[in-house]
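Dear colleague,

My notes on what was found in it follow directly after.

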Amino acid sequence: MDILVLEVEDPGCFWVAMKGCESYIVDEIEYKNLNIEMNQFYDKSKDVDDVKPVTIEEGQICVVFSEELKCWCRAVIKSFMYCIDDYQTECFLVDYAKYIFVKSKDIRVALEAFMRIPYRAKKCRLYCTKPVTLRVDFFEDTAKLVPAKRWDTAAIRYFQNLLRAATQVKAKLHAIEGNTFDVFLHVTIKDEKVFVNEDLVKKKFARFEEPKENTGNSGDYLDYQTLNVESLPVKELDLRPVLFQELARKIGTGLSTSNSVLEETCQRSSTDKNESTASFQSSQNLNEERNFVCLSNKTETLSILETAPLYDELEKELTLKKCLGPNFAESCWLPVAQGCDILSISYQGNDPSLYVLPVLTFLQSGSCYKALPNKNGPLALILCPGWKKAQLVFEVLQTYRKYSRPLHPMLIILGQKKEEARSVKIQGCEVIVTTPYSLLRLFEHNSLLFHRLCHLVLDEIEVLFSDAAEQVFTILDCYKKAIIPEKLECSPHQIIAVGTRWNKHIAQLIKEFMKDPYVVITAMEEASIYGNVQQIVQPCTNSERTAVLLKILDFTHNNLQKVLVFTNSENETEMVHKALKSKSIFCLKIHRESDFKYILEQWTRKYSWSTPVVLVLTDDCMQSLGITDATCVVHFSFPSPRIFGQRLHSMSDNFCNLIKNSSVGQDYTKARSVILLTETSACHALEILRYLQHTEAEIPPELHDLTAKVLEAEEDRKFSRPLCACLKTFGFCKNRAVCPDRHQINLQMDVPQNTPDKIIQTPGFVTILPLHVVNATNYFGRIVDKPKDEYTTLAEEVNEYFKKPSNRIFVKKVEKLAFYGLCEKTLFHRIQVVEISPEVEENGFFNVEVKYIDEGRTSQVQNYQLLHLPAKFQRLPPQAVEFVVCRVKPIDNEVEWNPKVTDYINYKIRGKTHEAKIVHTLGNTAWVDPMVRVTRISELKVSVNEYNVRSEILSTGLGTDNPEHITQLEKLCGHVKVLGHAKNSEPLIKEDTADPENASNPQSMLIQDHLSENCNSSKIAFGNHPCDVAQSKEAEETTMHQRKRFYPEIKWFENEETVTVKVKIASEADCKCEFSKEKVVFSGCSGDKLYLADMELHQPILAEESTCVIKDKEAVIVLTKAEKGAWCKLLKNKNPHVSFDLEHWEGFEDRSRFRVGTKKRYWPAAVVEEWHNFSEDSGTESDE
């Protein structure tokens, strides 16, 4: 039957609701109707005393009000607790599987009418599936799995994750004991069906227990036909005879079938080392290590909290939080708590709990540190790869701070400002959490930082070494030099390195800085790199695999070879076995139906040095065999990444310990892994390629060719995804391999196709209003029109309209992507519905994700808050534009801005108008450089430059220069991928003269670009630019031989004696410049374009001393002034193609217009006027 999981405690206790149309299953609609009736009755009860119970007892059925659910619920009383003014009663809500506390005065009698249908929540447990734990025998120095009374934390977490990820959950009922259903549970995850009972056993979280003889049939225990209400416990099964009798009749007939399925399952996997043991039971005989490799020193595996090396207060707190014991990766707790050096690599290697708890335990012993110098300095230093991880670790420390002696932990994240490092005081601090870069900045001003340091923790070691290897080794050198030899024996000195992957620098860390370390690796692929397993890729066709295998097995070595050949099917196993037998190779085969005992005896026999052993097997036999002494693994079938690591574990006894034996070279290996690469291996080729690159193995060109197609297909699958945020913000994506977003231009998404005319701007300065700050360089806001801002007028009209209560019409049916009004405090906004939550509350309300189309931010609201938005308010297109400030990025190789910078910029710019130059546009995103806050003082006819946003970011010390930003964007736009033929680009070529309705409808123009650079001078290179196509087409229509004339883009700047005018041209051109006293005429032709600029100057010049020089794509005209002095403007009449070049304004920092700091500059009013008015004229081209 299909079920809905309500609550999960562990695999032995979880609550479900049945789904389906069978006669014994109550429909969800009936429960909703019952809930409505109960709420109506108890809410309207006039005399409360009539519905209050006279007495209250444990196990009593009643009705209580849940504050969380906001409704009356059926409940069973579990316990009482006396408070000051009343009794607190713990109740179990039988329809929701929740425990709540209510006051006794809020309990009501459960009327019989409300008990007509059974409880919705059914208590279940996994049938014949029992918990196990790892028992360590110190005398025999062994560990094995034994039955346990309670479930391990890792097992509970794994079970919960399975159910959380499942898209479908089904249960098959096998028994009922008391009020608990014993079930076989099946879940579907990403179209893959998982038998949960068996999966827990295979993963060694549980064991299978045969059903007892007196309950294994349909006798007393499963006599469903005689089951009645009196025979069941009152507190959970009263008033429910109908369900159980009908359910018993329904499942009684299928009992024999279910039992036979169970027997079949057990028999199918009944071959193990001991003939009679089933695969479920084999977990009881698990050897000491479960895919667990201790490559240097052995550590005890812990699974019970009572034996964990933690101080009492911390252990009590973990017990209260229902932590049953360390998980498998946390086996490193013991060596950490003993003060030993340790390297731990596991799939959970980014979890701070791997080291925080045992380090805190060690720090409780103050006597260990008495021999240390009596100076200021930390005892423990935790190095994290970035500010975000450091913040997380610090929060974990703060969580357990109250259970520890005062350690005064500090989180230190420093920028490049030296005064900030000088101001840090670490007096009394015993634990510091920081990053390598921040620590070295602090060390410059605190030379005694390492003098008391005893515990150095390297968190996510592989990331630290990949991003900051030089800095980490500098810190390790300082730590090593600070150790005083005579104090070494009296105080602990420990390095803890944890991570998820191996890095080549880790070997140097272990050899040079660690003393007899514990090396514990639970990720088998990474253990094989440490163990120097030789990875070989052998290209061949699918039909040649057997012949290639025979060549590989041409044994010429004197040492004993034990080879495993992995196949993916029994037929393949038989085929390979026959081929090897035919060549007189001693070969064994095994699959699920083979005799495991005989095969293991043959494998473990002592053979002469000249007798190699080859075992051909399928992957599902690995766990049962438990082989770890193979010298070679041949992947006859191409492995998935998950299976690959398990296969490599079969050679773990032969992993080299290069750290202990430094005389052994890197080219020495005792274990080999051979992958047969065929044309059918594309499925997992990319993952294997990345792993082989990680191992620095030799990779054949065939694998590169195979993965190139996979990579291309992967990028194509992302083609409808949004453009990568990192790519937009910084010009690069650091984690491109795992990034889910697109890294190429999609013309249909990124180039505006229906942009309103009024928003199109020429290259130059615009006034922008940031309204929502995403981070330090990324904002949403609008472009403010100079003469009359249409949106300001619209906003006033919208607010005036909704002020009248009669105009506030609430929406009954909410539609996705539709436009509505929304009241926020005292203001009304235009919003669009982005997502509608499928979960509907009892009162009919549900959550809706909306976007403020004129501000760019999103938020969650409820459906009843949405207001009908009249059509007249929808005519103006959405005004929100995304702005990105160029040429700046976070320091220290970070890819996220520190919240300090974001908060500072948010405070500085939000809600204030800024002048910005648009240097690049793509879709609804505009890149600006610079972005300036300018205040005009009309009385003095001057403008005050308050700050440059980029400079403000740099001034915090947490940002650095990113000179390649715009270059990378241009490269990105230079490789445009177009889907379909030219017809796909038609909307880009046509003028925006479509249907008037479309032009005024926000839905037809939604999120289109609100900015567009002049096509003649745009830096976006799309090959044949649409504007060029439009111009060529128009020229052909007028005359075939007549050239089109363009007014070029012109920038100018001055000094006391000269004016420099820069004229931009498309490419090398034949140019001519004519000078007169008050006029300059520039002309030139390039290809089919004719440039002509007839400039009537504002002031006279000396024509004979003026010059014109052509430089690549620019003509530089130097005009000598007739009289020395400043010009307020270049031309007599304003021209939209002429602007002042502010980057050459004298005294500006970084060749930009503003200094880093608070100093203000004053500009002539005419220059400022030219700047402000520049964006008012927006022609896509100018001809004369």
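R125, E177 and D182 are joined in a network of salt bridges. Please bear in mind that this, like everything below, comes from a predicted model. Across the whole structure, a search finds 36 salt bridges. Side chains of opposite charge can pair when their charged atoms come close.

Three further pairs deserve a description.

The salt bridge between D892 and R441 has its closest N and O atoms 2.6 Å apart. This pair links distant parts of the chain, 451 residues apart: R441 belongs to helix α12 (residues 436–443), while D892 sits in the loop between β38 (888–890) and α27 (899–909). Both D892 and R441 are buried.

E882 and K728 also meet through their side chains in a salt bridge, at 2.8 Å from N to O. Because E882 lies in strand β37 (residues 881–885) and K728 in helix α24 (residues 725–730), the pair ties together parts that are 154 residues apart in sequence. E882 has a relative accessible area of 10% and is therefore buried, the cut-off being under 20%. K728 is buried as well, with a relative accessible area of 14%.

R830 is in strand β33 (residues 827–840) and D854 is in the loop between β34 (846–852) and β35 (858–862), so parts that are 24 residues apart in sequence are tied together. R830 counts as buried at 4% relative accessibility, and D854 is buried with a relative accessible area of 2%.

Another buried arginine is R950, whose relative accessible area is 3%. R950 is placed in helix α28 (residues 949–955). Its side chain makes a polar contact with the side chain of D961 at 2.5 Å, and the side chain of R950 also reaches the backbone oxygen of R887 at 2.9 Å.

I turn now to the nonpolar interior. In soluble globular proteins, nonpolar side chains tend to be buried together. The largest nonpolar core here has 82 residues, and F450, L509 and L615 have the most contacts inside it. Helix α13 (residues 461–482) gives the most to this core, contributing eleven residues. Apart from neighbours within four places in sequence, L615 is in contact with V563, L564, V565, L588, K589, I590, I599, W603, L625 and I627. A second, separate core has 41 residues, including L727, I783, C886 and A916.

With kind regards

Terms used
Residues numbered from 1 in each chain as written. Predicted model: local features only at pLDDT ≥ 70, side-chain atom pairs only at ≥ 80, totals over all residues. Heavy atoms only, no water. Core = buried A, V, L, I, M, F, W, Y, C linked by side-chain atoms within 4.5 Å. Buried < 20%, exposed > 50% of the residue type's maximum accessible area, 1.4 Å probe, protein only. Helix = DSSP H or I, 4+ residues; strand = E, 2+ residues; numbered from the N terminus. Contact = heavy atoms within 4.5 Å. Polar contact = N/O pair within 3.5 Å; in protein donor to acceptor, adjacent residues only side chain to side chain. Salt bridge = Lys/Arg side-chain N within 4 Å of Asp/Glu carboxyl O.
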